[in-house]
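I opened my notebook to record what I looked up.

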Amino acid sequence: MTIQYPAMPDQLTKSEGEILDYISANPREFLQGSIGDVGKKLGVSGTTLSRFARRVGCGDYKGLKRLVARQEEAAGPAAKLLAAQQGFTAERWLARQQLCLQKTLEALDPSAFQQAVQSLLEARRVFIHGKSASASLGQLLQFRLRRLGLPVSLLPSGGSELLEGLAQAGGGDLVVLFSFSKVSWEGRTILDYQKRAGYRTLAFTSRSYLPEDQRANINLFAYRGEAKEYHSMAAPAALLDALVVAVSEELGDQAVQRLSRLHQMKKAYRT
């Protein structure tokens with residue numbers, strides 16, 4: 001779950017970031033364990049956990065647990081009901097997707113979303129990288145943006161072919177990547193190479209905290225389920241579609257003209 005803290009520092013240490021991720025992914029385990037249990041599991045001291053509690057505005061460790069308990073309880077009825085139900089049905093699965101969408105909505109950063117829209121509109125070229133399950137999202141985004149007339153292309157999923165494609169990106173370009181549970185080697189390469197090439201990056205992620213070296217210029221959060229659950233693509237796909245619709249709205253008549261021209265071409269050259 002996504003925890004809302006009274007105060008969130010601009011910068012967190014590596015240990016504090018790991019504490020944040022642990023609580024978000026395992027709120028019930030965190031609440032059930034003592035400060036010693038949590039410290040042992042994460043390899044940090046009780047002092048570090050107490051300092052984290054103060055840094056995020058909870059006063060002390062007990063205050064942190066009270067905050068997590070309140071939010072877990074407030075967000076809990078639907079989640080608890082789903083967790084208690086045994087066996088799969090389409091109804092339960094779709095209810096789970098509603099929960100993922102709701103949590104994504106609660107964590108949405110409107111400023112980051114608008115930055116993403118403007119970056120797509122202003123980019124000289126858009127490069128998209130997705131691998132494994134995320135490859136389908138990359139293909140969907142390419143299809144949607146290309147229909148709007150944006151200069152967009154897919155980067156190869158990995159290996160030297162990725163490097164050959166990435167070598168074409170430079171100043172004024174935007175590289176979109178999907179880095180949900182972790183940043184892959186390819187993702188790290190994209191983020192590192194931007195320092196020399198000068199392009200901007202937009203990442204779809206499902207982690208509430210990202211270390212500095214794993215952050216894109218713009219990061220959009222999508223909730224995909226808890227750590228040990230089946231990770232759904234419903235929320236990321238919905239967020240992606242929202243981004244495309246927002247871009248289309250900004251283009252206005254240009255988008256209508258481009259789609260109309262495409263429609264006319266299809267009529268003229270359909271075999």
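Which residues do ring pairs link into a cluster? I found Phe178, Phe180 and Phe204. I noted that this is a predicted model.

**Charges over rings.** I checked phenylalanine 180 again. Arginine 224 lies over its face, at 4.5 Å from the ring centre. I also looked at phenylalanine 30. Lysine 65 lies over the face of that ring, at 5.9 Å from the centre.

**Aromatic pairs.** I counted 5 aromatic pairs. One of them joins tyrosine 5 and phenylalanine 52. Their centres are 6.1 Å apart, with 80 degrees between the planes, and the pair is edge-to-face. Tyrosine 5 lies in the segment before helix H1, and phenylalanine 52 is in helix H4, so this pair ties together parts 47 residues apart in sequence. Is tyrosine 5 buried or exposed? I read a relative accessible area of 13%; buried means under 20%, so tyrosine 5 is buried. Phenylalanine 52 is at 0% and counts as buried.

Next I took phenylalanine 30 and tyrosine 61. Their planes stand at 70 degrees and their ring centres are 5.8 Å apart, so this pair is edge-to-face. Phenylalanine 30 sits in helix H2 and tyrosine 61 in helix H5, so the pair ties together parts 31 residues apart in sequence. Both residues are buried.

**Sheet.** I traced an open sheet of 5 strands, in the order S2-S1-S3-S4-S5, with parallel pairing. S2 and S5 are the edge strands. The twist averages 20 degrees from one strand to the next. S1 and S2 pair over 3 bridges. I then found helix H9 lying across S1, S2 and S3. Helix H12 touches S3, S4 and S5.

Key. Residues numbered from 1 in each chain as written. Predicted model: local features only at pLDDT ≥ 70, side-chain atom pairs only at ≥ 80, totals over all residues. Heavy atoms only, no water. Pairing = 2+ DSSP bridges. Helix = DSSP H or I, 4+ residues; strand = E, 2+ residues; numbered from the N terminus. Axes fitted to C-alpha atoms, helices over the stretch in contact; angles between N-to-C directions. Contact = heavy atoms within 4.5 Å. Phe/Tyr/Trp six-rings, centres within 6.5 Å; stacked < 30°, edge-to-face > 60°. Buried < 20%, exposed > 50% of the residue type's maximum accessible area, 1.4 Å probe, protein only. Lys NZ or Arg CZ within 6 Å of the ring centre and 35° of its normal.
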